[in-house]
Amino acid sequence: MKKLFIVANFKSNKNRSEVEQWMDTFDQFVDQIPEGKTVVIAPPMPSIMFVSNRLLEKRAFLGIQDISPFEAGSFTGAVSAKNLEGFHVGFAIIGHSERREKFHEDDALLEQKVEQAISGKIETIFCVQGKDTPIPPTVRIVAYEPVFAIGSGNPDTPENADEVTKYIKENHNNPFVLYGGSVTPENVHTFTQMEHIDGVLVGGASLDAHKFAAIVRNA
Ligand code: PGA
């Protein structure tokens, strides 16, 4: 059985009590996560302390949705790798199309973010939008996320997603490539059963803890 990554990205949704409720529900499932499935929960930044405490010694890992491209210092509002020390952050999502488009993040900036994550011993989940998206050489986990599929209910076909992930693996140094874009409990297995796809990055369907648990189960 191949190793699978299943990543929940809450984006800018949920206040503290909603994240708490989500964790309360997900707690019923977290101990049932089988060996070989690595589950990552990326809540909004203000909730990471709470989620970090709740995940300690559980079979799921804390992720962050962004990281400062700079070291610690005079960068008002930015959350640096240094700030994250002690929170047991395992993974950072970098290069999401929403950050590229809405926050104008370019390849050079994203590479700096990857460097900062690595300096904090945080594994990067680097999002690419197609075969030609540049990938910093130090990245070990990539997520292929075609823009048309994100939040649209219109996922890529498993065959095309597999073809793109294969291409990425053949042309870069990345041992793991995930698929993201309108993943649901119903379609997740059609992706994870493909030869080259090593997991999924889930937005909308991760906001409901029962649905996300079903995605983890069905993957
Ligand atoms: P979606 O988002 O699951 O809501 O399509 C995926 C993503 O943005 O990573």
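Tutor: Let's start with a cut-off: a polar contact is a pair of N or O atoms within 3.5 Å. Keep in mind that this is a predicted model. Now for the contacts themselves. An oxygen atom of the ligand is 2.8 Å from a polar backbone atom of G204, so the pair falls within the 3.5 Å limit. G151 also uses its backbone: one of its polar backbone atoms is 2.7 Å from a ligand oxygen. With H96 it's the side chain that does the work, placing a polar atom 2.7 Å from an oxygen of the ligand. As for cover, the ligand on its own has 280 Å² of accessible area, and the protein covers 96% of that.

Who makes up the surroundings? H96, G151 and G204 are among the residues around the ligand, and K11, E145, A149, I150, G181, S182, L201, V202 and G203 are there too. Sorted by class, that shell has six polar, four nonpolar and two charged residues.

Finally, the space itself: what the ligand takes up is the second largest pocket.

Technical notes. Residues are numbered from 1 along each chain as its sequence is written. This is a predicted model: local features need pLDDT of at least 70, side-chain atom pairs count only at pLDDT 80 or more; totals for chains, interfaces and linings use all residues. Side-chain values use heavy atoms; hydrogens and water are left out. A residue is near a molecule or strand if one of its heavy atoms lies within 4 Å of it. A polar contact is a pair of N or O atoms within 3.5 Å; within protein, one must be able to donate a hydrogen and the other to accept it, and residues adjacent in sequence count only if both atoms are side-chain atoms. Accessible areas come from the Shrake-Rupley method with a 1.4 Å probe; for residues, only the protein chains shown count as cover. On a 1 Å grid over the protein atoms alone, a cavity is a set of points where a 1.4 Å probe fits but cannot get out, and a pocket is an open set with protein on both sides within 12 Å along at least five of seven lines; lining residues have an atom within 4 Å of a point. A molecule sits in a cavity or pocket if more than half of its atoms lie within 2 Å of its grid points. Ala, Val, Leu, Ile, Met, Phe, Trp, Tyr, Cys and Pro count as nonpolar, Asp, Glu, Lys and Arg as charged, and the others, Gly among them, as polar.
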